[in-house]
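Colleague: I am new to this structure and would like to go through it with you step by step. Could you take my questions one at a time?

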Amino acid sequence: MTREEHGYSVFPHGCRSIYINGLLYITGGKNVLGNPLSMVNVIDINKGVIYSRPSMKVPRAYHTIEYLDNYECLVVVGGKDGNDQCEIYDIFTNKWHLLPRMNCPRYNANVVYNSFAGEVY
């Protein structure tokens with residue numbers, strides 16, 4: 001079955017993406033029924049190939065994603081529909097881990113990573 005038959009495309013509405021070293025990571029979004037997705041796809045820009053990665057632990061759309069270069073990890077935060085969950089993806093181990101919840105849900109927010117202090121704001 002194609003991605004469209006499952007109810008989502010490679011770039012679903014409300015997904016978020018980030019470009020790292022020739023790879024475009026695409027996370028979450030909404031399917032055709034409006035339900036949040038936990039899917040993660042990676043497009044290798046140089047090879048023109050799409051890879052699936054392990055799904056996020058929490059389905060989400062309109063979330064925030066940031067790359068922590070000191071740790072080679074992605075941080076994904078919040079999402080629409082009252083999502084206060086945060087999680088981190090370790091690029092080398094190919095695994096997602098939940099982080100502590102935010103004090104209040106957020107979506108369409110921004111995350112800033114201070115690599116000098118090793119802190120996310």
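Colleague: How do the residues of the lining of the largest pocket divide into nonpolar, polar and charged?

Modeller: Ala, Val, Leu, Ile, Met, Phe, Trp, Tyr, Cys and Pro count as nonpolar, Asp, Glu, Lys and Arg as charged, and the others, Gly among them, as polar. By that grouping, the lining of the largest pocket comes to ten nonpolar, two polar and one charged.

Colleague: Before we go further, what kind of model is this, and how are residues numbered?

Modeller: This is a predicted model, in which local features need pLDDT of at least 70 and side-chain atom pairs count only at pLDDT 80 or more, while totals for chains, interfaces and linings use all residues. Side-chain values use heavy atoms, with hydrogens and water left out, and residues are numbered from 1 along each chain as its sequence is written.

Colleague: How many salt bridges does the structure hold?

Modeller: A salt bridge is counted when a side-chain nitrogen of Lys or Arg is within 4 Å of a carboxyl oxygen of Asp or Glu. On that basis, the structure holds two.

Colleague: Which residue forms a salt bridge with Glu87, and is Glu87 buried or exposed?

Modeller: Glu87 has 0% relative accessibility and so counts as buried, where buried means under 20% relative accessible area, exposed over 50% and partly exposed in between, with a 1.4 Å probe and protein chains only. Its side chain meets, at 2.7 Å from N to O, that of Arg60.

Colleague: How far is the C-alpha atom of Pro100 from that of Asp84?

Modeller: Pro100 is exposed, with a relative accessible area of 66%. Pro100 and Asp84 are 16 residues apart along the chain, and their C-alpha atoms are separated by 9.1 Å.

Colleague: Why is the pair of Tyr89 and Trp96 tilted?

Modeller: Rings of Phe, Tyr and Trp (its six-membered ring) pair if their centres lie within 6.5 Å, and planes under 30 degrees apart count as stacked, over 60 as edge-to-face and the rest as tilted. The ring centres of Tyr89 and Trp96 are 4.9 Å apart, and the pair is tilted because the planes are at 35°.
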